[in-house]
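Please look at the sequence and the model below before reading on.

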Amino acid sequence: EQVTAQSNAAGRAVAHEAECQGKLAAAKHDREHAESVAKTFDEVDLQERRKSLSKAQVQLAQLAELVTQSAFLFAEIERTQAEAATASAAETEFGRAAEHEAKTASEDTIRLQEAREAHSRAQQTADLAEHRGELTPGEACPRCGATEHPYAESDPLAERMLAGQVKRIAELETALRRSSTAQISFAEKARAAHAVAARAASESQRFRVELGISSKKWNEAGF
């Protein structure tokens, strides 16, 4: 009986040891499985974090590009608006100057025409005076047949008046050339300023469109 009891105890001890070994093996397996699962989760989390970081870097680069582009567009809009305003003001100023010179040229033309007509009449009188200087006392005038010639002598006043008219005509011709040239010059400057204003306004509008596109991209990116 004592041997039997010892044998049973030894069997139970072996069985217990086997059970413990099994539990230990199971625990070891569970631990290894848990470590494998944890490692897998760590790798997945790391990959997700890397993806998030890469996405954030791309968004940051896009944001920097949009900020730079928007700042440039704002500056260009201000510049072209100022350029258009300056050119428009210059166009108005040159246009007024051209109108003034055109009016002056018109007035100079009228005065010149009047001076030429007066000179023509005075020249006709001077021509008659030359004929009177050719008359001989007591002899018949070849034009009217009169033998008395009370106005045969030349008139110094008429000669001075004729010389003054010639000088006046020359002055008016110079003034007309000046006003006509100035009118053409101011008109050309006004057209050039108009072209600059139109170009600047067009550029400003183009920059506004580009700024609108940039703002749309900004909103779509969720910044």
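Ala 201 is part of helix 2, which covers residues 156-221; helices (H or I, at least four residues) and strands (E, at least two) are DSSP runs, numbered from the N terminus. With a relative accessibility of 40%, Ala 201 counts as partly exposed; buried means under 20% relative accessible area, exposed over 50%, and partly exposed in between (1.4 Å probe, protein chains only).

Residues are numbered from 1 along each chain as its sequence is written, and side-chain values use heavy atoms, with hydrogens and water left out.

The mean pLDDT (the predictor's confidence in each residue, from 0 to 100) of the protein chain is 76, and 59% of its residues reach 70 or more. Where pLDDT is low, the predicted coordinates should not be read in detail.

The protein chain has two helices and zero strands. Of its 223 residues, 17% count as buried. Among contacts with a separation of 6 or more, 83% join residues 24 or more positions apart.

Ser 179, also in helix 2, is buried, at a relative accessible area of 0%. Not counting residues up to four places away in sequence, Ser 179 touches Glu 101, Thr 104, Ala 105 and Asp 108. Its side chain makes a polar contact with the side chain of Asp 108 at 3.4 Å; such a contact is a pair of N or O atoms within 3.5 Å, where within protein one must be able to donate a hydrogen and the other to accept it, and residues adjacent in sequence count only if both atoms are side-chain atoms. The Ser 179 side chain also reaches the backbone oxygen of Leu 176 at 3.1 Å.

How many aromatic pairs are there? The count is two, where rings of Phe, Tyr and Trp (its six-membered ring) pair if their centres lie within 6.5 Å, and planes under 30 degrees apart count as stacked, over 60 as edge-to-face and the rest as tilted. Phe 72 and Phe 207 are edge-to-face, 6.2 Å centre to centre with 85° between the planes. This pair links Phe 72 in helix 1 (residues 2-133) with Phe 207 in helix 2, 135 residues apart.

Terms used: Predicted model: local features only at pLDDT ≥ 70, side-chain atom pairs only at ≥ 80, totals over all residues. Contact = heavy atoms within 4.5 Å.
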